[in-house]
Amino acid sequence: MSVGNILDDQHWHYVTIKRHGRQVNLTVDAHTETAVCNGEFTYIDLDTQLYVGGVIEPNLPHLPEIPNFRGCLENVFINGINIIKMTQDQEPEIRIPLQKKMHYACRDILWKPMTFAGPDNYLQVPGFFRKPRMFVKFKFRSWDYTGLLMFTRFADDLGALELGLSEGQVNVTLFQPGKKKLQFAAGYRLNDGFWHTVDVTARDNLLSITIDEEEGSPLKITNPFTVRTGDRYFFGGCPKTNNTIRKCETKLNNFHGCMQQIFIDNEPVDIDIILQRRWGRYTELLLGTCGITDRCTPNPCEHEGRCIQSWDDFICLCENTGYKGEVCHMSVYKESCEAYRLTGKSWSGNYTIDPDLSGPLKPFEVYCKMKSDKAWTVVEHDRMVATKVTGSTVDRPYVGEVHYWNASWDEVTALANTSMYCEQWIDYSCYKSRLLNAPNGRPYSFWIGRNNESHEYWGGAFRESGKCGCAINQTCTDARFHCNCDADYRQWYSDKGYLMWKDHLPVRKVVVGDTNRTGSEAHFSLGPMRCHGDRSIWNTVSFTKPTYIEFPTLRPGGSIDISFQFKTYRPHGVFLENSDDWLRNFIRIELNTTQNLVFIFMVGDGILNVTLRSPVPLNDNEWHFVQAELNVKLARIKVDYQPWAVRRFPGQTFVTMKFTHPLLVGAANRTLWPFLGCLRALRINGVTLDLEGKANEEQGIRRNCTGQCLNATIPCRNAAQCIEGYAAYTCDCGNTAFDGFYCHKDIGAYFEIGSWLRYNIRKKPTTNEEWWANWLDPHYHNFSLGYNDTSDEIEFSFSTFQTPAVLLYISSFLQDYMAVILKKDGTLDMRYRLGLITHKYQLSFRNLADGFPHYVNITRHNRTIRTQVDYMEPIVEKITLVEDGRFDSPKNIFLGRVMEVGEIDYEIQRHNSPGLVGCISGVRYNIYAPLKTLFRPNETEPPVTVQGFVSESNCGAFPPVHGYVPWEADPWFTTIDYNYIHDDLGLFWLTVVVIMAVILLFIGLYSIYIYLYRYKGSYHTNEPKNPLESPGGSSSRPLTGTLEKKRFPEMDEGFRSD
């Protein structure tokens, strides 16, 4: 284990070693490394002696050969025992080397280091003037590739000597007046941050330099030159203002790093005395400390990137790693073959994919089989050829491990995990070798998949069914068994099929256990793993209410990347936020305005943000792709194909992302600026967050991004565009001739005799350039752009009793026109002229001048015309190939009458008078709606001219028929009206009302009784009182019977007369 770097910087460093069982943690300052010891035991057997600061018996073979420690130690505790205190107390367990004095205080060091930390730093010290020998010695440490170490100018204008650091070497340059300068280099990789000693000696005709006190190999240069030392030496750089004769001149950059133990002419340089007596000068120098920092330990470059540093910064070299970015964090490759297909890659072949993108797994090569609707990812391995197995038993089975090409087991598993569907073909051929031993026995063979779990089902069967594919298809050789091989016949059979349960794939091992009997033999083979789709790309939810989704707290370390896609119509909203308890450490991405995307964070240096200003609105209800990245070097964000918005950090930046709250998606701090819209493909550091798994309709989180338009209770009518609102929707009637919430309200007009309307399509004819452009590319058919048209779409409704009339007429700047004519007999004709010949079409043979509304639809595409009147069968007509298929330069639309200037067709003139007397509504020609422009203008001067009396009217033309609309789906619903029963009457009045009702009821019943009793009284009065008085007294029948028989018919007659 190795932790830390540049620990010899004269600063205190804190070291702890903790062991629990086999796990060991080594911590230096704030950096911790963890390792697991080899072996199977959890206790440690150490020698009986513990050495602190060095070893006493250096000749023992098991002790290290490293020199003893020189420096200061304090607070040395071993399992809670204070070793230094025991030493001070001279306890018998402590042993100190003889003739060695122990100091219980940390003394100041004799040679104090200094730090060259500024852009203009330098140190000037005095020297002995005009000496024939020069001796300079010093130590330095630096990360810079170049920099001035030392410069001195000789006396008597004999030249100068320069020591500079260049590409890790010490370059020595000797300047002589009138001669070519001498240059040579010594040392190798001296900019590694460690202390290095430079020893330079010069005299006449000889100069030697020694690096790191290697006396056996000094570099010596012999050349004619004269040495007379100057009176000043410059270290680290030259002052900006030096107008003296012996000034410092160099082309090298200033040195940045540390120096100590400077000797000039064999005399040590005491900086304190020199500065106190003002013998020297310095600028931007830190005395008594070495402020060098190792920015490459621990390595900030991810994915095995190489770190190279200077005094105040570092860079990462990402070549041959498969990653890019400031810290080699972002993957160069796409996450799947599906991602390549969506970027336009349509050819099959070998591609490199990275399923976890910026995650720890490496990219690997696969074969992508591209299709129009999907892309298959194929990963091959070493078990695709049949493997022969004999001599295996259940207790000692044959285990065939599967090694996938170009990828590790974890990488192939990541591919299967992110795919929508995966499959793998498996084949087991047997000769008296049982497979699953189904249905009641112990399986002899099985396969092991993801998570090292064994599975006892075979290809073509359902997961964990314990069957083979033949049992599902009922085609097994023996119906008593669930596999062909389980019949145990002395013939060759096979069980094969696709394993399709994605969460069990890929296959890791195939175990075969029944081939040890006489004649038993088995062959197995495994096909490549094939997957398609990308679950992360299509993982989509829509937020329909102010709410949020919670995910576990992020632990990103020193860098984080975030990517997702969104669509919304709202001008602002927070996409995600993660923070600590006091909002002192957080990240947030939000849509601040319609065109501003903001990445806000506080990760150690106050609240900062990166704002991307888009040239187009981002709330246009279209999908937008957002990428954001934050590391120690920079923060940046981009959307779609726009350039990155970047905020770079100073070289001393330290990023701390330690969050405690859950990650919130859809809002900030639970309620601030909620996002309403759709979100998909959310990835953080290569990990896909399962948005769909958090869907909850009641909370306002809907799976997918269908909104209300797909399943609207009342859809938008008349080809209107449905504008998604996720929780609601609106209908855009702009390109229709209708109005209303659902674009269902007809806009019509009543024309009195002699009235007409003209709509101006164009004021100028189509230019030759536009005409030729449209001829070369006929898809440009938008009139507003000035191009010709190869298709027409016309619809309207009308009702009238009067004939004849020209209902609709479309003119052009040329001879082309189109007209719909109501003839004298009430039939309907259409006339089309595209070029030289006028074509006549009969739209209806019935009399349509009956006062009822009739609907007309005409559609032309190139030379095909489709017409329909009311609900009759459509009629399709063809224009001959010799005719032009374009309506050139449309000019005006006329309703009611044609008042065009210039020549008009005779048939049009004959039916043009007296004009339409009646209603016409819902008029639309392509994108033009004349009546809607007249009655619902959206400009100050609409291009409509009206003559006569034209008033708005619905005309009763096909009113829309709506089904039952639930009140919760009705946009015009206000409240439910209930009949209110006044309960504020007093008790007295309630009693009066009840008594009056009872009296009225009694009077009614009494009247009915009197009415019925009148007939009853008449009956008793006419009845004889004495039977002897009856004329039929001699009759033997009872008198009452006779009377009843006579009277009932009379009563019936009386009732009839009444």
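Author: A residue counts as buried when its relative accessible area is under 20%, as exposed when it is over 50%, and as partly exposed in between. Please keep in mind that this is a predicted model.

Reader: Thanks! Is cysteine 678 buried or exposed?

Author: Let's apply the cut-off, which is under 20% for a buried residue. Cysteine 678 has a relative accessible area of 0%, so this residue is buried.

Reader: Which cysteine is joined to cysteine 678, and how many residues apart are the two?

Author: A disulfide joins cysteine 678 to cysteine 705, with 1.7 Å from S to S. Cysteine 678 sits in strand 48, while cysteine 705 lies in the loop between strand 50 and strand 51. The partner is cysteine 705, and the pair is 27 residues apart.

Reader: Is the disulfide of cysteine 716 and cysteine 731 left-handed or right-handed?

Author: Their sulfur atoms are 1.9 Å apart. The torsion about the S-S bond is about -85°, so this disulfide is left-handed.

Reader: What does the disulfide of cysteine 430 and cysteine 485 tie together, and how many residues apart?

Author: The sulfur atoms of cysteine 430 and cysteine 485 are 2.0 Å apart.

Reader: Nice. Moving to the strands, why is strand 59 largely enclosed by the rest of the structure?

Author: Side chains in a regular strand alternate between the two faces of the sheet. On one side of strand 59, Tyr817, Ala819 and Ile821 are buried, and on the other Met818, Val820 and Leu822 are buried too. Strand 59 is largely enclosed because the buried residues number six of six.

Reader: Which residue of strand 60 stands opposite valine 820?

Author: Strand 59 and strand 60 pair in the antiparallel sense over six bridges. They form a hairpin with five residues between them, and glycine 826 in the turn has a positive phi of about 90°. Opposite valine 820 stands methionine 830.

Reader: One last thing: which are the edge strands of the open sheet of seven strands?

Author: The order in this sheet is 12-11-10-9-16-7-19, with antiparallel pairing. An edge strand here pairs on one side only, and the two are strand 12 and strand 19.

Definitions and conventions. Residues are numbered from 1 along each chain as its sequence is written. This is a predicted model: local features need pLDDT of at least 70, side-chain atom pairs count only at pLDDT 80 or more; totals for chains, interfaces and linings use all residues. Side-chain values use heavy atoms; hydrogens and water are left out. Two strands pair if DSSP finds at least two bridges between them. Helices (H or I, at least four residues) and strands (E, at least two) are DSSP runs, numbered from the N terminus. Buried means under 20% relative accessible area, exposed over 50%, partly exposed in between (1.4 Å probe, protein chains only). A disulfide is a pair of cysteine sulfur atoms within 2.5 Å.
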